[in-house]
Amino acid sequence: MIQQIINGVISGLLLSGIYMILTIGLALTFGVMRIISVCHSTFAILSAYIAYWLWILYGIDPIVSLLVSIPIFALIGFAIEKSIISPLIGRREHLTEFQITTSGLLALFGVMTILQGIMLIMWTGTPRAVLVSYVGSITVGVLKISIPRLIGFVGSIIVILLVISFLKLSYIGKAIIATAQNYEAAQLVGVNVKLTYTITFIIASATAAAAGAFLTLTYPFYPLSDLYWIVKMFCIIVLGGMGSLTGVIFGSLILGIAEGVAASLISSVWVDVVALLLLIFILLLRPKGLLGTMEF
Amino acid sequence: VKLKKAHLNLILVAVIILLTIIPILGEFPMLLHILIVIFMYATICEGWNLIGGYAGYLSLGHATFFGIGAYTVALTLKKYAWSPLLTVPMGGALAVIIAVLIGFPSLRLRGAYFVITTLTVNYIFELMVTNMHWLTYGAMGVFLPPSPFDPRITKIVYYEAFLILMLATTFVCHRIATSKFGLGLIAIHENEEAAESIGIPTTKYKILAFALSSLPPALAGGLYSPYMTYIDPSTVFSVMISLNAILMTTIGGAGTVIGPIVGAGLLVTLSELMVHIFVRELNYIMYGVLLLFTVMIMPGGIMRIIKRWKLA
């Protein structure tokens, strides 16, 4: 029993790494630009397919494929921000914040369905998986730790630390945080808000690319599996507080560990229900999330 | 050309009569099926439009109510052989109760929480129905006994039922849109803080709008399952149903009474054409491009364009 719980906590912890890297970009775009980037998990799945292609055609490891996919997604992010989000936010004077959120959501829905269609045509609906050479597990006493999961977890933590230190230490990062806190005040002190939006979206797209590569290490994927992940990501940002980066870390840990324990104690088919009921309870008890909003 | 109101009403009556007598004019099984799908989606979209179009709160989970309606009718028909005439309203009532339960925690808050919760709830329902084998037959789905009547008659009966459902929903939505309640919803959409400050009970209105908006999809789902005679959780709780409702309403014109019908008619027809001429997957790309075009170039959808053109 105890052993089961401990194993559940460990596997949940490793799962939470994937959750963190998937969600951090979503929280960042929501916190800074007030836009719900529904196509974020679609980016991750697209990046997973790029990793899959590089692996099956040239035998390149998914981690190495990051060198290709991060620049590609930074470019995609730049193009989408310039052509779609920037014109929408440009109408800011005439709209309330919530109207910007909803029209952004609709536009990015469009992006999501277009990408899904492209993926369905290029790779069909068959689930795919990457079989890395280092598959297996380490046994420490009674604990069993899967190696690909551990690598995915460590990789995610490294990327998240990079993003957070960029935000905290560089001038542009500080400008991004200032824009998130109050975009008018940021404009007053001379922050180029348009540029910070573009950079935010580029960073978010790059983290989605990383998430996709780490995803391939442990999970099979198909073109519409982005819908499965986006539900989880939405849970996490509500759990932690919308747009809060520390909230993402806490939310991912709570959701991942709750799912891991539920999987080892009950049955794996009920795991998702347990996790989602947790969300409803949090919404009832602490409507603004565990940490409140807008903390960086 | 400036059309008078009397002329418009005349055209409307003519269209309704034409739609009603189509099945009597000859045998068009394919056309009837496409029209049934259009009526079904138009009904779902009219429902979605109340909360998503008028109040501006995008629900990503209207498939939940469609699925609840479909499963209520299917399970009672299969296990107790209850008539859909009785169970379709039952499914509707159940959906309204569940909508209030979802709306209470998520609509108290302003902003994006509602959007996120509705998607999650949809997923919870799909999972629960898939996993509760003893009640719902699980992922295998429910096979229903075929209708005792001649297949042609059955199709006509369901055609007329879906037509009546769509017309009734549209009529009710038209009355709501012009009522104090409907204007209150529009005020919430325009500026919720200002609406609250002039004394509109925003939370009450939002929850009421969500509860009302859950009814048409549930009734449509209730008619869908005996019509198709087979349902499974991944079809009737599919996120694609919610997404289609959003797409069709937005492209047709969110916050207008006719917009959802125009959008449903246009997109269902286009996607049928796509499936026959090209591959099914192209639908996704077409939907996405149309949605982007609507949001970026003509916010307000086709109906706003028509209205502007009529005034000019």
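Guide: A helix, as the word is used here, is a DSSP run of H or I with at least four residues, and helices are numbered from the N terminus. The model you're looking at is predicted.

Visitor: Which helices of chain B each supply at least two residues of the lining of the second largest pocket?

Guide: In chain B they are H2, helix H10 (202-228), helix H11 (233-236), helix H12 (239-252), H13 and helix H14 (282-296). H2(B) gives the largest share, with 5 residues.

Visitor: And how much space lies in the second largest pocket?

Guide: About 860 Å³. There are 27 lining residues, and the closest to the centre are Val37(B), Tyr41(B), Asn244(B), Ser271(B) and Arg280(B). Sorted by class, this lining has 17 nonpolar, 7 polar and 3 charged residues.

Visitor: What about the largest pocket: how much space is in there?

Guide: Roughly speaking, about 1,400 Å³. Among its 30 lining residues, Leu8(B), Leu12(B), Val257(B), Ile258(B) and Met303(B) are the closest to the centre. Here H1(B) provides the largest share, 8 residues. As for class, 20 are nonpolar, 7 polar and 3 charged.

Visitor: Let's go inside. What makes Thr118(B) count as buried?

Guide: Buried means under 20% relative accessible area. Thr118(B) has 4%, so it is buried. You'll find this residue in helix H5 (residues 113-131) of chain B.

Visitor: Which residues does Thr118(B) touch, not counting those up to four places away in sequence?

Guide: Leu58(B), Ser59(B), Leu60(B), Gly61(B) and Phe210(B).

Visitor: And why is Ala81(B) called exposed?

Guide: The cut-off for exposed is over 50%. Ala81(B) comes out at 61% relative accessibility, so it counts as exposed. Ala81(B) sits in the loop between helix H3 (63-80) and helix H4 (84-107) of chain B.

Visitor: Why is Thr124(A) called partly exposed, then?

Guide: That class lies between the two cut-offs, 20% and 50%. Thr124(A) has a relative accessible area of 38%, so it is partly exposed. Its place is the loop between helix H4 (97-123) and strand E1 (137-140) of chain A.

Visitor: What is there to notice about the phi of Thr124(A)?

Guide: Its phi is positive, about 55°, although Thr124(A) is not a glycine. Ala81(B) has a positive phi too, near 55°, and is also a residue other than glycine. Most residues other than glycine have a negative phi.

Visitor: What makes His94(A) exposed?

Guide: Again, the class starts over 50%. At 70% relative accessibility, His94(A) counts as exposed. Look for His94(A) in the loop between helix H3 (62-90) and H4 of chain A.

Visitor: Which residues touch the most other members of the largest nonpolar core?

Guide: They are Ile85(A), Phe109(A), Trp229(A), Phe234(A), Tyr41(B) and Tyr159(B), in a core of 191 residues. Helix H2 (residues 29-54) of chain B gives the most to it, 16 residues. Leaving aside neighbours within four places in sequence, Tyr159(B) is in contact with Leu19(B), Ile22(B), Pro23(B), Leu32(B), Leu35(B), Ile36(B) and Phe39(B).

Visitor: What makes a space a cavity and not a pocket?

Guide: In a cavity a 1.4 Å probe fits but cannot get out, whereas a pocket is open.

Visitor: How does the lining of the largest cavity divide by class?

Guide: Into 9 nonpolar, no polar and no charged residues. Phe109(A), Met112(A), Leu60(B) and Leu119(B) are among them.

Visitor: And which residues line the second largest cavity?

Guide: Leu14(A), Leu15(A), Ile18(A), Arg149(A), Phe153(A), Thr218(A) and Tyr219(A). H1 and H5 of chain A are the elements that give two or more residues to this lining. By class there are 5 nonpolar, 1 polar and 1 charged.

Note on methods:
Residues are numbered from 1 along each chain as its sequence is written. Chains are lettered from A and ligands numbered from 1 in the order in which they are written. This is a predicted model: local features need pLDDT of at least 70, side-chain atom pairs count only at pLDDT 80 or more; totals for chains, interfaces and linings use all residues. Side-chain values use heavy atoms; hydrogens and water are left out. A nonpolar core is a set of buried Ala, Val, Leu, Ile, Met, Phe, Trp, Tyr and Cys residues joined through side-chain atoms within 4.5 Å. Buried means under 20% relative accessible area, exposed over 50%, partly exposed in between (1.4 Å probe, protein chains only). Contact means heavy atoms within 4.5 Å. On a 1 Å grid over the protein atoms alone, a cavity is a set of points where a 1.4 Å probe fits but cannot get out, and a pocket is an open set with protein on both sides within 12 Å along at least five of seven lines; lining residues have an atom within 4 Å of a point. Grid points are joined across faces, edges and corners, and a volume is the space filled by probe spheres set on the points. Ala, Val, Leu, Ile, Met, Phe, Trp, Tyr, Cys and Pro count as nonpolar, Asp, Glu, Lys and Arg as charged, and the others, Gly among them, as polar.
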